[in-house]
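This report covers the packing of side chains, starting with the aromatic rings and moving on to the nonpolar cores.

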Amino acid sequence: MDSNGSEAPDTATTPDGAPSPSPEAAPDTRPAHRTPLRRTADNAFKIVVVGGFGVGKTTLVGSVSEIRPLNTEETMTKAGEGIDDPSGAWGKRSTTVAFDFGRITLSASQVLYLFGAPGQERFWFLWDRLFSGALGAVVLVDTRRLADSWYAIDRLEHHGTPFIVARNNFGEPTHTLEQVREALDLPPEVPLVDCDARDRESGKRVLIELVRHLAARAEAEAAGTLVAATATVYEESTP
């Protein structure tokens, strides 16, 4: 299996026919026992993982999910030639055509649902539906194809959905995170982190960073509401 989660041929090649390097597959750190959903779970939170084609969304959802993830992977065929752009994802032979789904139990009453969005442009119309009701999102990026991430960031900003950006490292990084931030024109308040989508602990750290970002935003908004309310009361009580 390659680093973006698809079954790779015996020898992957680049466009010029030379063997392409692929990082050694990380060990499967997911628990062997799949925990059933507790009957007491009555509070669900939704997180969306979004990004361009082949950046590792399916892999990330699968690595952190406590259940065997639901995915809608289909084999890429010649019918997609001229429509899909697999450049930069050499050896990838399947693609998500609807969404990926995973689950993480947070407590006896709380559960986190993970939705991985399809990356190919012809399936982007599904994104708006997936964003509906989402608490937040992770934008997964591949620095070899940063432009593929711009639409995801634009749509999240359009919907007002809080998000963080995670750089999925396919080998040794060739750019600093600050260079990536500048290239994506990310505001300073949007977290940008490194990750390996294949590794469960790395994926968990990404989700923890998103939760911290959501908590910080909630605190800032609550503080802003309090200040505004205090100012209103002061103005109304001042002769």
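## Aromatic cluster

Phe101, Tyr113 and Phe115 are linked into a cluster by ring pairs. The model is a predicted one. Two aromatic pairs turn up in a search of the whole structure. In one, Phe101 and Tyr113 are tilted, with 5.4 Å centre to centre and 40 degrees between the planes. This pair links distant parts of the chain, as Phe101 is in strand E4 (residues 100–105) and Tyr113 is in strand E5 (residues 110–116), 12 residues apart.

Phe101 also pairs with Phe115, edge-to-face, at 5.2 Å centre to centre and 65 degrees between the planes. Phe101 lies in strand E4 and Phe115 in strand E5, so this pair ties together parts 14 residues apart in sequence. Tyr113 is partly exposed, at a relative accessible area of 23%. Phe115 counts as buried because its relative accessibility is 15%, and the cut-off is under 20%.

## Charges over rings

Lys46 lies over the face of Phe115, 5.0 Å from the ring centre. Over the ring of Phe170 sits the charged end of Arg144, at 4.7 Å from its centre.

## Nonpolar cores

The largest nonpolar core has 21 residues, of which Val50, Val139, Phe163, Val165, Leu184 and Leu186 touch the most other members. At least two residues of this core come from each of strands E1 (43–51), E6 (136–141) and E7 (163–168), and from each of helices H2 (127–131), H3 (150–159) and H4 (177–184).

Beyond its neighbours within four places in sequence, Leu186 is in contact with Ile153, Phe163, Val165, Arg181 and Leu192. A second, separate core of 20 residues includes Leu60, Val64, Val138 and Ala197.

Conventions: Residues numbered from 1 in each chain as written. Predicted model: local features only at pLDDT ≥ 70, side-chain atom pairs only at ≥ 80, totals over all residues. Heavy atoms only, no water. Core = buried A, V, L, I, M, F, W, Y, C linked by side-chain atoms within 4.5 Å. Buried < 20%, exposed > 50% of the residue type's maximum accessible area, 1.4 Å probe, protein only. Helix = DSSP H or I, 4+ residues; strand = E, 2+ residues; numbered from the N terminus. Contact = heavy atoms within 4.5 Å. Phe/Tyr/Trp six-rings, centres within 6.5 Å; stacked < 30°, edge-to-face > 60°. Lys NZ or Arg CZ within 6 Å of the ring centre and 35° of its normal.
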